[in-house]
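Good morning, and thank you for coming. I shall walk you through one protein structure today, from its sheet to its charged pairs. Please look at the display as we begin.

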Amino acid sequence: MSDAGKVLRQALAIGALSLVVAAAVHLPLIKRFARGEFRDSFFRAADYPGVRLIALEETEELWAGGAAVFLDARAAGLFGRGRVPGARNVPSAGGGEEVPEEVLALPKDGTLVVYCEGGDCQSSLALARRLHDEGFRDIRVFGGGWAEWTGAGLPLEKDDGQE
C-alpha cells in the first residue's frame, strides 16, 4: 500500500468521523429542521424574485441618496428609542397583521429597504415576504439591521425624550 493511499483512507475516515460527531452534537437542531421549524426563516429567490439581501454599504448609499423608503420591522418601543432617519415603523405586519395603509399606498415599483434588529432577527424577512405578496417588487432586506447600522456610527433618529 502506498503512502498516498494510506493518507487518503485516513483523511476519508477522519471526514466520516467528523460527520458522525457533528450529526450527534447537532441532533436536536437537525430534528427541528426536519420538522420544518425554520421554514419561515428562509425564502427561495424563485418564490420572491423582488426580494434580495443587501449589505451595509448599499443600505447606506440608498439612505444617503434618498432612493428608498426605509421600513423598520422592530417593535414600536425599539423604534422610538432609535431608528434609521426617516424610517417608518411596520412592527407586526410580517407576523400576519395588516400592513399599514400608508405603506400600501407607496409606489409598488419603488425601492423599499426593510430592517430589524439584525443578527438572528427574522422580522425583516417576514415583512419582506408580506410586502412582496402585497405587490411590491423591489424589496431589499438589510440583514445587519439596526445593530450594524449603529455599530458603524451612522446617523439615527429618536422620538423626543428617548435616551
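Let me start with a question: which residue in E5 is the bridge partner of Thr111? The partner is Asp138. Before we go further, please keep in mind that what you see is a predicted model.

E4 covers residues 111–115, and E5 covers residues 138–142. On the display you can follow the chain from one to the other by way of helix H6, residues 123–133. Together, E4, H6 and E5 form a β-α-β unit, and its hand is right-handed.

Five strands make up an open sheet, in the order E1-E5-E4-E2-E3, and the pairing is parallel. Which strands lie at the edges? They are E1 and E3, each of which pairs on one side only. Strand E1, residues 51–54, is joined to E5 by four bridges, again in the parallel sense. Within that pairing, Arg52 is opposite Arg140, and Leu53 has Val141 as its bridge partner.

In E5, both faces are covered. Asp138, Arg140 and Phe142 are buried on one side, while Ile139 and Val141 are buried on the other.

As a general rule, in soluble globular proteins nonpolar side chains tend to be buried together. In this model, the largest nonpolar core holds 18 residues. Those with the most contacts inside it are Leu71, Val103, Leu112, Leu127, Leu131 and Ile139. Which elements give two or more residues to this core? They are E4, H6 and E5, and those three elements are also the members of the β-α-β unit I described. H6 contributes the most, namely four residues. There is also a second, separate core of 14 residues, and Leu62, Ala68, Phe79 and Val84 are among them.

I turn now to the charged side chains. In general, side chains of opposite charge can pair when their charged atoms come close. The count for this model is nine salt bridges, and I shall describe some of them.

One of these joins Arg52 to Glu58, with 2.7 Å between the closest N and O atoms. Arg52 is partly exposed, because its relative accessibility is 39%. Glu58 is partly exposed too, with a relative accessible area of 22%. Glu58 also forms a salt bridge with Arg140, where the closest N and O atoms are 2.5 Å apart. This pair links distant parts of the chain: Glu58 sits in helix H3, residues 56–64, and Arg140 sits in E5, 82 residues apart. Is Arg140 buried or exposed? At 12% relative accessible area, Arg140 is buried.

A further salt bridge connects Asp159 with Arg83, at 2.9 Å from N to O. Asp159 lies in the segment after helix H7, and Arg83 lies in the loop between helix H4 and strand E3, so the pair ties together parts that are 76 residues apart in sequence. Here Asp159 is partly exposed, at 36% relative accessibility, whereas Arg83 is buried, with a relative accessible area of 7%. Finally, salt bridges with shared partners join Arg52, Glu58, Asp138 and Arg140 into one network. You will recall Asp138 from my opening question, as the bridge partner of Thr111.

Two local details remain. Asp72 counts as buried because its relative accessibility is 0%. Its side chain makes a polar contact of 2.8 Å with the side chain of Arg74.

The second detail concerns cysteines. How many disulfides does the count give? It gives one disulfide. Cys116 and Cys121 form that bond, with their sulfur atoms 2.3 Å apart. Cys116 counts as buried, since its relative accessibility is 2%.

Thank you for your attention.

Technical notes
Residues are numbered from 1 along each chain as its sequence is written. This is a predicted model: local features need pLDDT of at least 70, side-chain atom pairs count only at pLDDT 80 or more; totals for chains, interfaces and linings use all residues. Side-chain values use heavy atoms; hydrogens and water are left out. A nonpolar core is a set of buried Ala, Val, Leu, Ile, Met, Phe, Trp, Tyr and Cys residues joined through side-chain atoms within 4.5 Å. Buried means under 20% relative accessible area, exposed over 50%, partly exposed in between (1.4 Å probe, protein chains only). A disulfide is a pair of cysteine sulfur atoms within 2.5 Å. A salt bridge is a side-chain nitrogen of Lys or Arg within 4 Å of a carboxyl oxygen of Asp or Glu. Two strands pair if DSSP finds at least two bridges between them. A crossover is right-handed if, with the strands pointing away from the viewer, the path from the first strand over the helix to the second runs clockwise. A polar contact is a pair of N or O atoms within 3.5 Å; within protein, one must be able to donate a hydrogen and the other to accept it, and residues adjacent in sequence count only if both atoms are side-chain atoms.
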